[in-house]
Amino acid sequence: MSAMTPEEIAKGLAENASAPGGPARNAHAEALVAAAEATGDRALFRRTLDNLIGAYLFSAESPKMLVPFARLLQEYDNDPGAFGSWEVHTLFWQFKWVANALTNSPDISLESATGWLDEMERRYRLAGHSERPVREAEMWLADSTGDDARAERAHRAWLKAERDEMSDCHACEINGQGQYALLRGDDTRALDVWAPVLERQRTCAEEPHRVMARALLPLLRLGRLDEARAHHLHGYRLSRGNESLLPAIGRHMEFCALTGNESRGLEILAEHTAQLRPLANANSQLAFHGGVLVLLRRLTELGHGTMPAPAYDGGRRTVAELYEFLHAESLAIARRFDARNGTTRVSERFAARIARAPLTDLLPLGVRSPALPRPATGAAAPAPPAPGREAATAGETGRAGAAAREEFADLLAAAREARAQLRPDARELWARVSARAAARPDTAGDTVDPLLAADLLEHRAVEAALAGEDTAREQFVRVRDAYLAAGAAGRAVLAECRIAMAAAQVGAGPAEVRALLDDAARSARALAQDDPYRARRIAHTELTRLRMEAYLRRDEGSAADAELAGELAAFARSLAGPAGEGAADVLAEAEEQLARYALEQGDTGRAEALLASAASRGPAAGRPWLAVEPLTLRADVLGAMGRVAEAEESARAAVEHAERTGPETQGSARLTLANVLLHTGASAEALVHALDAAHWFDRAGLAVEGARARLLLARAYAREDRNAEAAEVLQSALPDVLEQGPEAAVGAREFLGDLLGGLGDHRAAAEQYLLAADIAKDWPDPRPQASLAHSAAEALSSAGLPEESVAAYERALELHSRHGGQPVAEVRILRSLVWLGLRDGVTEEGLAEARGRMEAAERVLWAALEPAPGDPRLRAELAQTWHQLAQVLDRRVTDLAEADDGDADEVRQLREEEVRLWGRAAGVYRELGADHWQERLQCVNNAAWTEHELERRGAAEARVEALVAEVRSLPADAVPDWVPRRAERILEALRD
């Protein structure tokens, strides 16, 4: 391979400086050093050494910077005069990086580290720099060795010393000061110190990234959970994929492990599998792997130790195996530090970290993470008897068995009571009864209770039906027979209703289903007259028939909603009398179904009244949980009617009554309230309820509903200007949203693009807009695709990709032109294309093309103004088009003035045209009124100064004097305060 030329090396340096940190950048930087040294160009060699030091710093190989720094320092000592002032400044600045690397490198002896620190202090003193960075470096070295007295002295000296040009930025210093307080066990002090960084008052390239990660556990320990969640979502987004921030990423995994978010922690680990390897920076490896170990330990404790773990350095292991491997490896690193330092400080801190217990059972984060698989189960071995204790006697065993039977009887009674009361926890209680019954050695030899056997059959059949199993019908047949055998004819009636529903579920014909429903109705009427549930069972079978009829007639192609609604209304009226005694829940269901029929017919008023009635019946009967569904639906109806306050009241009542319901109902109630609150502008409270809704839907395993909750949560975050959290939540929900149809996918991607653009990630924003446009490309209406292409073009331009931006703009323009009706969008695209075409200067050809596009923009606007000549938005765009054309001409004048062969006549003609254009624009802005003072003043200023350059000073001053006189003649409240002041300053400047 031929040697690189100095020009090639210089180009390589430019490329390397902008490359992402990591091994590839470091290897390239090392090659550039070798190539530069071979040229004999000492200045170029120094530049490559400086670049290599920076590359190492922003990677996991920072200790390697010692070698190039020593060589650079040697260059300085050999010929200090060859170093410019900035090179000298950089050299002394890098001394701080080296001091930090010495502390964090166990293979560098303590004597050598101390010697380098003494050398730094000597050189700083001779150069006249403050000792502040030296004392900070001394503090961290003393802290790592366990010399707390020296660390405290250095800490006080650090804070006392003056700041100068060698001091770290405020954000980095604040990080260190808070970290020192944290290591001394003062969470409150640490967070107080970090506040300016956490509040983004002090930032830098790596802050608040690192501070956000360090603050997570102190916030949890102090109960500031909302802040901890916010800093995790935002902080991890900032740190993700950055090799120099692996310690911070490890802290985010640790946070997840200690807040019940192990699945998200595993996702974060999977995203950084490439960094799960031995690192050149031992301290970074210990910090990163420490967080990994906390996560792996927690997963193992929860029964997931046999799960496959991400590969470590190419090797495959289970979670438990990887924990053991990393623990041994990390402990070895900690002991290397201890051996270097002569203390056990590092290994003690490491052991304390990985032994941390969870700080909360579960902190909902709002982001979507895949559920962990069920942990492996197996029969636990019986614990050995305590020393000196023999096995239990037969009497003890008998007493234990009696207690177990009594406990089971209480559980069974509670489950039956919950079922009778239609309580939401009934299903969970029956699951416990089923599990206990399946593992009851105390019942061996007992006569099986036939009612219990029927109850257990019913529980299994209900679960089968909910899971959509084809065997549900046959199971309910067995349930009916079992209840009849047990003498529970009333429950057998319910089983018959379920047989009919299960039959419909597996495709039975309408005639068969109706026959089964008739059987259930006859059985209900045949119940004994003194059966307390007889009226209720009759009502239940009739309501089931009416609800099933809606599906059956629809399958038959019969549109009989009005007839069914009439039957249902008559049924509801019958229940309002004595016949409905004890059947409040059935009546409430009937009213809710009637409300849905009313909504289908557009009668929102009647629907609202029916829902209000239905919602009142559950609480009146002592069953408030039955009110949740009608209350949530009523809140939606009231919101659509514009009765927002009542909608909020209904939604809040639903949330209150949902406290004892299951996860799906809890999620629905909270999502409804969040939606209402977001529409009222209460976005801060809305995001709390949307967060809870996402959590409950996750508990219920409902991905679609969870995605809806996260979408609303993201919108609430965005309303609160918390775009990073909004983007993190939305990106996690995107896979589920994309499955909900093209409209939902386009809306979500466009929203995500807006969020990413607000965060300055314009390339990623453009990608989302283009993906959305691709989905919309086959829609009959091209406007959505045109709008998305326009947004993509703007994002690509902001990302510094002009060619791609032009292509997107031209596509958007083509779509708008084809459909019409969007003159403002067309005009703005044309103007953007003008400026992109002039990015390298205004040539004669470029000016001609720019004029053509601006004239096209004028034509679009005049055509749109023809039917609406007074449209203020269109007139403002016309004025803005003249204003920008004048700016283009001014750019051409500047380019001609800088050229040796500039044509004076052309310059004068262009300037005169500028004056006319700015004058016309100012006139339109004057007509448009008070909302356009900024644009008008700008045009007047530009026209006046252009006239001044044309040596028409009188006309220039007269133009501004007229504006000043007009402003003074207007009432004080008609003009912003800044307008007269700025106009008078312009006039004074013209007169000077």
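A salt bridge here is a side-chain nitrogen of Lys or Arg within 4 Å of a carboxyl oxygen of Asp or Glu. D890 lies in helix α41 (residues 872–898) and R911 in helix α42 (residues 904–928), so the pair ties together parts 21 residues apart in sequence. Helices are DSSP runs (H or I, at least four residues), numbered from the N terminus.

I noted that this is a predicted model, where local features need pLDDT of at least 70, side-chain atom pairs count only at pLDDT 80 or more, and totals for chains, interfaces and linings use all residues. Residues are numbered from 1 along each chain as its sequence is written, and side-chain values use heavy atoms, leaving out hydrogens and water.

Next I checked accessibility. Buried means under 20% relative accessible area, exposed over 50%, and partly exposed in between (1.4 Å probe, protein chains only). D890 is partly exposed at 27%. R911 is buried at 16%.

I then searched the whole structure and got 89 salt bridges. One of them joins E254 and R356 (2.5 Å, N to O). E254 is in helix α14 (residues 246–257) and R356 in the loop between α18 (345–354) and α19 (394–420), so this pair links parts 102 residues apart in sequence. E254 is buried at 2%, and R356 is partly exposed at 31%.

Last, I turned to α33. Which residues of α33 are buried? I found ten names to write down, G706, A707, A709, R710, L712, L713, A714, A716, Y717 and A718.

How values were computed:
Helices (H or I, at least four residues) and strands (E, at least two) are DSSP runs, numbered from the N terminus.
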